[in-house]
Amino acid sequence: MTEMEVLELNFANAALGIATLICVLMVAWATAAEVLGRIKARSHAHAATNDHHLFTVPGLGLTMADGGEKVDEKTQEPSTK
């Protein structure tokens, strides 16, 4: 093999190594995004199970049972009846 052929093979190997590294990084990025999305969805669903005014409708997501806005009990004004 000539010196020029060796140089061409080294450049080809370097290019293939860079392409492989880019592909591995893209797969790692997509996997991390999927895992973080599932963790976020799980924590959101867990928080919703503690509120008795929220329920899940398939295709619609979380909704309020009374159709109103959520009011914290701490900030809610006492009602006079």
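1. In what order do the elements of the protein run from the N terminus on? The answer is α-β-β. That makes 1 helix and 2 strands in the secondary structure. Keep in mind as you look around that this is a predicted model.

2. A word on confidence, then. The mean pLDDT of the protein is 78, and 53% of the residues reach at least 70. Among the elements, H1 comes out highest, with a mean pLDDT of 90. Strand S2, covering residues 61-64, sits at the other end with the lowest mean, 59. I'd read the helix with that contrast in mind.

3. Next, the surface. The protein exposes about 7700 Å², and 64% of that comes from carbon and sulfur atoms.

4. Have a look at the start of the chain. Met1, Val6 and Leu9 form a nonpolar patch on the surface, and together they have about 320 Å² of accessible area. Valine 6 belongs to helix H1, which spans residues 3-49. Is valine 6 buried or partly exposed? Its relative accessible area is 37%, so valine 6 counts as partly exposed. A patch residue needs over 30% relative accessible area, and valine 6 is above that cut-off with its 37%.

5. Now for charges. How many salt bridges does a search of the whole structure find? The search turns up 1. In that salt bridge, the side chains of arginine 38 and glutamate 34 meet at 2.9 Å, N to O.

6. If you want to find the pair on screen, look within H1, the element with the highest mean pLDDT.

7. Finally, how open are the two partners? Arginine 38 counts as exposed because its relative accessibility is 57%. Glutamate 34 has 43% relative accessibility, so this residue counts as partly exposed.

Notes: Residues numbered from 1 in each chain as written. Predicted model: local features only at pLDDT ≥ 70, side-chain atom pairs only at ≥ 80, totals over all residues. Heavy atoms only, no water. Helix = DSSP H or I, 4+ residues; strand = E, 2+ residues; numbered from the N terminus. Areas by Shrake-Rupley, 256 points an atom, 1.4 Å probe, with all protein chains shown as cover. Patch = residues over 30% accessible without salt bridge, like charges linked within 9 Å, V, L, I, M, F, W, Y side chains within 5 Å. Salt bridge = Lys/Arg side-chain N within 4 Å of Asp/Glu carboxyl O. Buried < 20%, exposed > 50% of the residue type's maximum accessible area, 1.4 Å probe, protein only. pLDDT = per-residue confidence, 0-100.
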